[in-house]
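Hi everyone, thanks for making time. Please bring the model up on your screens, and I will walk you through a few places in it.

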Amino acid sequence: MQRFEFLGRFARNRGALVGACLILLVALMAAFASVFFPTDPLRIVGLPELWPGEDPEFPLGTDSLGRDILSMIVHGARATLLIGLFASAVATIIGVGVGAIAGYFGGWVDEIAMRAAELFQTIPNLIFVLTIVVILGSTLTNIVIAIGIVSWTPIARMTRAEFLSLRDREFVQACRSMGMSDFRIIVSEILPNALPPVIVLSSLVVAGAILFESAVSFLGLGDPNVASWGRLVGDGRQLIRSSWYICAIPGIAIMITVLCLNLVGDGLNDALNPKLRDR
Amino acid sequence: MAGELASPTPALRGSARRTAALRLLRRRLIQAVPLMLGVVIINFCLIQMAPGSFLELMTAENQVSDPATVALLRKTYGLDDPVWMQLLKYIWALLHFDFGFSYRQNMPVIQAIWIHLPATILLMVSSIALAISIGVAAGVVASMKVRTFWDSLVSIAAMFFYAAPSFWLGIMMIVLFSVKLGWLPVGGMMKIGGNGGVLDILHHLILPTLALGLFYAAIYTRVMRSSMLEVAQLDFVRTARAKGLSRNKVTIHHVLRNALLPVVTILGVQMGTVLAGSVVIESVFSWPGVGSLLFDSVSSRNYPVVLGIMVLGSLVVIAANIAVDLIYMWLDPRIEIR
Amino acid sequence: MTIKVSRRVFSAGILATGVVGTSRGSFAQGTPKRGGTLVATWGGGEPQACYVPAGGGSSPTFSSSKLFERLARRKMDGAFEGVLAESWKPSADFKTYTVKIRKGVKFHDGKDMTVDDVVYSVSEIWKKYAVASALTDFAGIDSPDADTVVFKYSNPTPEFFFASTLCSPVAYILPKHIYAGSDPVTNPANNAPIATGPWKFKEWVRGSHFEYVKNENYWKKDEPYLDRLIIRYVRDPAGRAAAMEAGDIHIGVFNPVAPPDIKRLTGTGKFVATPKGYEEAVWSTTLECNMRNPVFAKREVRQAMFHAVNREFIAKTVYYGYARPGTSPIYSPNKEFFTADTFKTGFDPKKAAALLDAAGFPKKADGKRFTLNLLSAGWFQENGKVGAYVKQALEDVGVGINLTVPDRPSSIKRIYTDYDFDLAISNQANPSEPVPSTTQYFTTDGILKGVPFRNASGYSNPDVDKLVASIKVETDPAKRKALVFEFQKIITQEAPLLPLVELESITLASTKVQNHSNDPNFLAASWGDLWLAS
């Protein structure tokens, strides 16, 4: 019943519905990339710089080395989505952890946690990501961790606020009087109630993470073994006079994905926080 | 003013407001100290984690192989001290505005940053100005014509610019306006060989400003729209309307001023992201600012400069936040010191 | 001879790829016009200092070579010509060289240049920083009288080798009165040099340009023709193309713009593009095998790496035709020492597979024989593309590849200090004289941990060491040539490191610029003879 209500509210937001469908499509594309394009997307398969449509074998053309752009976009979807999801997971784990502890215990723990959050908000985020990636090396893991590290603060604040409002409710006090451990109260009692707004934020962090990753890769600091969309834009940059489509196509892919994720985030917001609906 | 009279709490006035502002300023400045210390320590630790010392990279780059020279450089950069000593020395030097020496530019770090600062500030200021003016205007239009064609148009445009990566937007604008139409330069801050006339710089500023600013314009549009709609529901606005003031007058005098508050808040929070975003935009447009310097320094492992930019960047963010608090106070008289 | 060589280079590159070159051979016409300001740029970034005693790469070489002068230079026709030296002569045993120093040369601060400056520069700068590896047999320098210096060597030193040392790009004569007693690496004069050249340092606007002005007291009468020389740094090729198109920059050396822009700009008829002027600094993109990996113990495995790679493809696609397949560690424009008669490791994937099978590396169940870490040095954007292609080519013959493209500092460290690679794609630029620039990549004494652009493969072969030692002291030009030919045969067969492609560097200049590209290392020439037609 509740679930139907959720879906109904979500579906009422037409944008969110369209966004969700498109994201699903991108996800399917990512999942079945190897089925559509079994060979390595970074393989040189044709003449370099073929425009989209010039050769029916390469509907989106080829890049400066003769790699199939469509294949790179499809395989890139996987890399891009995975980076977004994992980075968001890292941010959510850190954010929920810090926020929950801060909000539940309050006092000096809260003070320290919030100062730490402020600290991470103070350092310009992308600069921090670039420095981490350069210093620790351009691997996918490092990029994911770096993005997670700069993205956790809003989640922590949100979680903390939820915990602050929930920690003195009757059901929590009841648990406490029953002698339940703090850890169990946090994880099994408060957290489930605090999660809905956090999920909305996490979905937005996925979109942000994709943008971060694309900027890192665009600047040439990405992982060279991965056909990420940002890197494709960066690779095509020197050729904007002759073959600007090499830049344009992956950029459109990034934009659509991020747009849809934002729409889904809005929809989740509507569905999960009905009181905020008209904002 | 009617709006203020209608406010829930009486406003602070005159000298009382001034002392309140000063108290706020003092408090914020004191809070900034541990924050800055944290920034310095985080960055310092990060650089300690780097595989290989920057000295190794530096000697490799300059092809210095003489052991005596290397030993001398080690001493110059204090690399023989224990790590905590290096950190203390660094903090001590920072207190004297000594950010270290950049071997690559062969000048003090602070000077290297200083040279690049005006270009970045120009880009940031113009982008923020663009973002606010577009954002506020579009947000107001959308909220006044809510659920009409104009509202949808604004919302769709905002969604697109919010989702488009700024570097990609920049490149696409170069393709259109520079390569295809030939109206605007592809990059740089002034004509090569030019001496930096104002018009020339403005000409070069247009595309980078758009690329960096439109993303924030999109955010402000969305925030402004929802904030306008929300404020319009508040009691004092209804009171003003009930008093028979015209719709436009109410909007401008009462709603707009109060609806600006969230925009100002976001602006403060985003100062850091604007600065960071300029790294990418400066790279796309060869804009000779701090972003370019950072990128060069990162790729030549010029850690003293990287550290210096991080610390200064954080300072800018803190300063911006304090400024926002003060502006907030000025915009919304209800707010006292939190 | 010269014409033949440059034609060959010319036709191999420019004409074959359909790029418009120039109708004139010499980029000079009529009598020089005086006056004017020339704005120049190059395909790289701003240097760390105007002059770097240890060389510091092409960027400081470009900026400092307009101010400082060497004892000698090489001309386009291959002959050597004195600059600050008037002549040099070996002794009968080739162990000492007597060099006459030019008289009447003044430094920019008005002080006379004397033999003391030469003695100081050679013993304190050349020997310690600038050309140390070419002076291993150097045993001291004397000045018997006010216009003579005597170089002493512990072994016979071939004339070509000696002259080439005098011509080395940063083998400058420095003012002793400014440098003596200081640490030359950090001397502030490195950022505002006092020298003897046709150009005087005026200003360095960081992030933008150097401004040099005419040296009124230059020893060569009439030069420089121009009043002012500006070296301007533009961050990206597109910006350089735009600036050249707008007429703001007259000349760009060392690939200033992207290949498609070369075609576009020369197509307007207002620009010429030429591969001339790089004969003494030919760049290549190399592939090297880390001998520390036991997989490479057999030379057939190393040969297989090269057989797997289509060098034509790299030249055509990655470099847009501005490159040609490399066949030998000595490059084809080197008319003294290059031979085409070497061991061939051309594109032949079947042979590569057969060699690997025979060497005891059959394909395993997963289709791979073994897996290697391929490091492509990220200092040139093209290297990343070459890396992507080599990865694919080797995977096609069953060699698994993990590709990394680290940035410049990390690449230098991982290749030349940590030896942290199995295969590395790097670059080198070599003059005609093979010792030591070329040979130090293959000799045992070239294995110097932490010193970049040396023997990083760890290849050590007593026969090669002995051969190089004899090349170094062989004073008979014909015999020496034969030894270098033998060196090339051995190295191409041993294949620890070989060029994949020889790069064709391009100078792009406005048709107004006269007398350019007239030096076999034009980037490092003094540019006193350039002038601008109206």
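Let's start with strands E12 and E19 (residues 507-510) of chain C, which pair in the antiparallel sense over four bridges. Pairing here requires that DSSP finds at least two bridges between two strands. Helices (H or I, at least four residues) and strands (E, at least two) are DSSP runs, numbered from the N terminus. One bridge to look at is in E19(C), where Thr507(C) is the partner of Thr274(C).

A word on what you are seeing: this is a predicted model, with local features needing pLDDT of at least 70, side-chain atom pairs counting only at pLDDT 80 or more, and totals for chains, interfaces and linings using all residues. Residues are numbered from 1 along each chain as its sequence is written, while chains are lettered from A and ligands numbered from 1 in the order in which they are written.

Back to chain C. E12 and E19 belong to an open sheet of seven strands, in the order E8-E9-E10-E1-E11-E19-E12, with mixed pairing. Strands E8 (199-205) and E12 (271-274) of chain C each have a single partner strand, so they stand at the edges with one side lacking a neighbour in the sheet. On average, neighbouring strands of this sheet are turned by 20° against each other, direction ignored. Helix H7 (residues 259-267) of chain C lies across E12 and E19, running at about 135° to E12(C). For angles, axes are lines fitted to C-alpha atoms, for helices over the stretch in contact, and the values run from 0 to 180 degrees between N-to-C directions.

Now please find strand E17 (residues 423-430) of chain C. Is E17(C) enclosed or open? Six of its eight residues are buried, so E17(C) is largely enclosed by the rest of the structure. Buried means that 20 or more other C-beta atoms, placed from the backbone, lie within 10 Å of the residue's own. Strand E13 (residues 282-289) of chain C runs antiparallel to E17(C), joined by eight bridges, and there Thr285(C) stands opposite Asn427(C). Strand E15 (residues 370-376) of chain C pairs with E17(C) in the parallel sense over three bridges, with Leu375(C) opposite Ala424(C).

Over to chain A, which has twelve helices and zero strands. Of its 279 residues, 56% count as buried. Helix H8 (residues 153-166) and helix H10 (residues 182-218) of chain A pack at about 160°, with axes 9 Å apart. H8(A) and H10(A) are therefore roughly antiparallel, a label for angles over 145 degrees. Residues in contact (C-beta atoms, placed from the backbone, within 7 Å) include Met158(A) and Phe163(A) from H8(A), and Val198(A) and Leu201(A) from H10(A). The contact divides into eleven nonpolar, three polar and one charged residue. Nonpolar covers Ala, Val, Leu, Ile, Met, Phe, Trp, Tyr, Cys and Pro; charged is Asp, Glu, Lys and Arg; the others, Gly among them, are polar.

Finally, chain B. Helix H12 (residues 290-299) of chain B is mostly covered, with nine of its ten residues buried, among them Leu293(B), Leu294(B) and Phe295(B). Which elements cover them? They include H6 of chain A, along with helices H6 (109-144), H11 (247-285) and H13 (303-331) of chain B. After H12(B) comes Arg301(B), with a positive phi near 55°. That's my tour, thank you!

Key. Parallel < 35°, antiparallel > 145°, perpendicular 65-115°, else oblique. Contact = placed C-beta atoms within 7 Å. Buried ≥ 20, exposed ≤ 12 C-beta atoms within 10 Å, placed from the backbone.
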